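Dear colleague,

Please find below the sequence and the structure that I am handing over to you. My notes on what was found follow directly after them.

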Amino acid sequence: MATAFQLTKNPVLPLFCHAWNKDRTQVCVSPGSNVAMIFGFDGKTYTHLHTFEDHTATITSVDWSDQSNAIVTCGHDRNAYVYCWREEKKFWEPKLVILRINRAATCVKWSPKDLAIDFCANNFSWKFSSVSQCQEKLYTQTLLVFRFSSRRNPLKSTILALDWHPTGALLAVGSADFKCRIFSAAIKGVDNKATDSEWGPRKKFGELVAEFSTKSGGGWVHSVCFSQDGRKLAFSAHDSCVYVADADRESIVNRLPCKLLPFRALSWVSPTEFVAAGFDYMPVLFSYDGSSISLKAKASGSTFRAMDKFRNLDLKGTTADSDLATTVNTTHQNCIADLHIVKGDRDSVSIFSTVGSDGKIVMWDLVKARASIPA
């Protein structure tokens, strides 16, 4: 069901984020530093191809455009870079995007049609739009020149996650104030004219469309994800719960508490299923039937008992007992930080990938995983 590759070793470095190109033959990762690296993937092995070192502080997020083949990164240095491939020079040309912020940029994502990029940070969100194209020699390449489109400040806490509605007219964000929100994100002259959506009436750019709160004390919202049709919004929080807001049921929020550690990333994999992964080292498959959420399957369990290890060290002066080994019975040996679809779309995913603090990238075969679930 899972195929793991150790991308960073000697020393092992944590992988905070990753993004695939359109044909899934290359992946861009950041190992918890100011460096981003591109690896080629032939289906069996990974080969290091390029390294980006333009940032001066830790990179927090990376995204790779399916339309223009451009890579965008953002980080703690309060800036972003867009990398455009120059075929004639065999070179990734960096373009600095000055965000004009006084806090770290926390996440970035291309819009569905590459008409804009959204950056999020502490209290703020920005939207940049592509404004020009040019024709170069023997091929056409979008020239990514960005102008500062809009800046909005409706929040009072750090934005930790974002996701675009399939139409590009709405933007979902999760923040550290225990709430998930949907904002209008259509820019006049760039996007199609905003209309009423399943989430509410038409709003001006940057205005709040819907707001969902985590219950029972709640927690930081780590990840948000629209379904393929945009009518459902799943999000996970630090209270070890997963939530689904359903536009077809008057935006009612369904909640499922889990006896697991919190989830840092999630994605829809079918119209009724989504996968979440995080601090428990393993992906978990959930189903939503329109009225409730249920847990379908976990990748595997853990056999590491931390308290037993330290108790044995205190009593016997050793931790040599084989049953107290620090190896866990999961593919990832540390928390999962990011999750991406490799094959399929949010209506029908067959393979997805995860990266984690153990320096591994793991490919998960969802078809085989479903086949192993008891009826």
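Strand E8 (residues 79-86) and strand E9 (residues 91-98) pair in the antiparallel sense, and 8 bridges join them. Two strands are said to pair if DSSP finds at least two bridges between them. Strands (E, at least two residues) and helices (H or I, at least four residues) are DSSP runs, numbered from the N terminus. Strands of a sheet pair through backbone hydrogen bonds, either parallel or antiparallel.

The hairpin of E8 and E9 has 4 residues between the strands. Lys90 lies in that loop, and its phi is near 50°, a positive value in a residue other than glycine. Most residues other than glycine have a negative phi. Lys90 counts as exposed because its relative accessibility is 53%. Exposed means over 50% relative accessible area, buried means under 20%, and partly exposed lies in between (1.4 Å probe, protein chains only).

Before going further, please note how the model was treated. This is a predicted model, in which local features need pLDDT of at least 70 and side-chain atom pairs count only at pLDDT 80 or more, while totals for chains, interfaces and linings use all residues. Residues are numbered from 1 along each chain as its sequence is written, and side-chain values use heavy atoms, with hydrogens and water left out.

The pLDDT is the predictor's confidence in each residue, from 0 to 100. The chain averages a pLDDT of 83, and 79% of the residues score at least 70. Over residues 130-149 the pLDDT is below 50, although this stretch has 50 contacts in the model beyond near neighbours in sequence. Residues 301-312 also have a pLDDT below 50, with 23 contacts beyond near neighbours in sequence. A contact means heavy atoms within 4.5 Å. Where pLDDT is low, the predicted coordinates should not be read in detail.

As for the chain as a whole, there are 2 helices and 30 strands. Buried residues make up 51% of the 375 residues. Among contacts between residues at least 6 apart in sequence, 49% join residues at least 24 apart.

An open sheet is formed by 4 strands in the order E2-E3-E4-E5, with antiparallel pairing. Its edge strands are E2 (17-20) and E5 (46-52), each of which pairs on one side only. From one strand to the next, the twist averages 25°; for such angles, axes are lines fitted to C-alpha atoms, for helices over the stretch in contact, and the angles run from 0 to 180 degrees between N-to-C directions. Strand E4 (residues 36-41) is joined to E5 by 6 bridges, and Ile38 has His50 in E5 as its bridge partner. The loop between E2 and strand E3 (26-30) holds Arg24. Arg24 is not a glycine, yet it has a positive phi of about 60°. Its relative accessibility is 22%, so Arg24 counts as partly exposed.

Which strand holds Thr73? Thr73 lies in strand E7 (residues 71-75). Thr73 counts as buried because its relative accessibility is 1%. Its side chain makes a polar contact with the side chain of His55 at 2.7 Å. A polar contact is a pair of N or O atoms within 3.5 Å; within protein, one must be able to donate a hydrogen and the other to accept it, and residues adjacent in sequence count only if both atoms are side-chain atoms. Not counting residues up to four places away in sequence, Thr73 touches several residues, including His55, Ile59, Tyr81 and Val108.

Finally, I turn to the aromatic rings. Rings of Phe, Tyr and Trp (its six-membered ring) pair if their centres lie within 6.5 Å; planes under 30 degrees apart count as stacked, over 60 as edge-to-face and the rest as tilted. By this rule there are 18 aromatic pairs. Trp199 and Phe212 form an edge-to-face pair, with 6.0 Å from centre to centre and 70° between the planes. Both Trp199 and Phe212 are buried. The pair of Phe212 and Phe235 is stacked, because the ring centres are 6.5 Å apart and the planes are at 25°. Phe212 lies in strand E19 and Phe235 in strand E21 (residues 232-237), so this pair ties together parts that are 23 residues apart in sequence. One aromatic cluster is formed by Phe52, Trp64, Tyr81, Tyr83, Trp85 and Trp92.

Yours sincerely
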